2 protein chains.
Amino acid sequence: MKVGILGSGMVGQAIGSKVAELGHEVMLGTRDLTKLQDWLGHVGGNARVSSFAETAAHGELLFNATSGGGSLQALSLAGEANTNGKILVDISNPLDFSHGMPPSLFVSNTDSLGEQIQRAYPNVKVVKTLNTVTASLMVDPRQLADGEHHIFVSGNDAKAKAQVVTLLSTWFGWKYIIDLGDITTARGTEMYLPIWLQLWGALGTGMFNIQVVK
Amino acid sequence: MKVGILGSGMVGQAIGSKVAELGHEVMLGTRDLTKLQDWLGHVGGNARVSSFAETAAHGELLFNATSGGGSLQALSLAGEANTNGKILVDISNPLDFSHGMPPSLFVSNTDSLGEQIQRAYPNVKVVKTLNTVTASLMVDPRQLADGEHHIFVSGNDAKAKAQVVTLLSTWFGWKYIIDLGDITTARGTEMYLPIWLQLWGALGTGMFNIQVVK
């Protein structure tokens, strides 16, 4: 499958490396084409780096792996014509570092970044997921407790959500996936970030996740 | 020990019943003295019901089990002279039902109800905890997966927090308690409520909790 990944930070590189390793044709979209030469050297033939617009046009499936503050601008650069009708796996978090640490959220409570993106691009099928774990866990959950922990999905399009659930399971190895509901439930996983950051501090590592016990 | 519990809903009754069962002298504070006769009948000799002020005066240790929207008023009725210097175990959540379901939070992100209470009563030792689970789990975590799941504490006073950690363990049976930091970390556990409510919907039960896997 042709996969377009908007964003070239730790998350974009982790997703890109894994998806390329699986044999898919990966394109990573970035503002700065020069900074990913090292990454391309590691990943090999299946991966390319390009602009947001070319990356969106390339992808049959898209990932939003930009930082939350840059997501809407990246999607604007990607262009509506290149994203219309496609699934966008939205991994971003609306972290606001402008007031120092810990970051607050620039949208929360009665709205979410997932909803903002869905409203701005009504023809894109936004599925929020993976935003509750560190980058390396996203694509390899079984490195932690043999995968005995949970990931969540939120989105309005049931078919798109089902496809994303399948790829979370088959591509990355997620064993436990909970469908929280429509895209408004992105509020829940985005508002989980403050306790995630606190747990990172308390545990001294970002290599953790939560298991829902019932 | 003499324990004062502000609030007489499900949470106050659950805490009160358990603490009375353990042999402590419990007083439950309420605006409506008439509504707890049934509860008193079940709990027996160690429990009484009174006003917020008498309850606060009675308690060597206090619990805030009021609904979030009523917490500051309940504490005001309890009176500074009756609460000064005491530990207040704050279980409240700032749920705002005024815009329908699901509730939003009336304070979040850059502040929390735990912090509002601590600022309003600087001589009270506020320890936020137990606000991330349903009432019956608070006092009996081992009914679920033999207690293999986590509870969190936030507070500025290290000694008070240590005392609360001890009572969570010895009174209620909590096996896994994570100290998130000072009272500002109450933002994390309060902002966890939206995903908690979504999980309640997705799982069809409030009888669940999270285990932090690392």
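This is a predicted model: local features need pLDDT of at least 70, side-chain atom pairs count only at pLDDT 80 or more; totals for chains, interfaces and linings use all residues.
View 1. Residues are numbered from 1 along each chain as its sequence is written, with chains lettered from A and ligands numbered from 1 in the order in which they are written.

**View 2. Helix H1 of chain A, residues 10-21.** Helices (H or I, at least four residues) and strands (E, at least two) are DSSP runs, numbered from the N terminus. H1(A) has twelve residues and reaches 16 Å from first C-alpha to last, close to the 16 Å expected at 1.5 Å a residue (that is, 1.5 Å times one less than the number of residues). Nine of the twelve are buried, so H1(A) is largely enclosed by the rest of the structure; buried takes 20 or more other C-beta atoms within 10 Å of a residue's own, with C-beta atoms placed from the backbone. Among them are Val11(A), Ile15(A) and Val19(A).

**View 3. Where chain A touches chain B.** Here 35 residues of chain A are in contact with 35 of chain B (C-beta atoms, placed from the backbone, within 7 Å). H10(A) gives the most to chain A's side, with seven residues.

**View 4. Strand E11 of chain A meets E11 of chain B.** The two strands, residues 209-213 in chain B, pair in the antiparallel sense over five bridges (pairing takes at least two DSSP bridges). Val213(A) has Asn209(B) as its bridge partner.

Terms used: Two residues are in contact if their C-beta atoms, placed from the backbone, lie within 7 Å.
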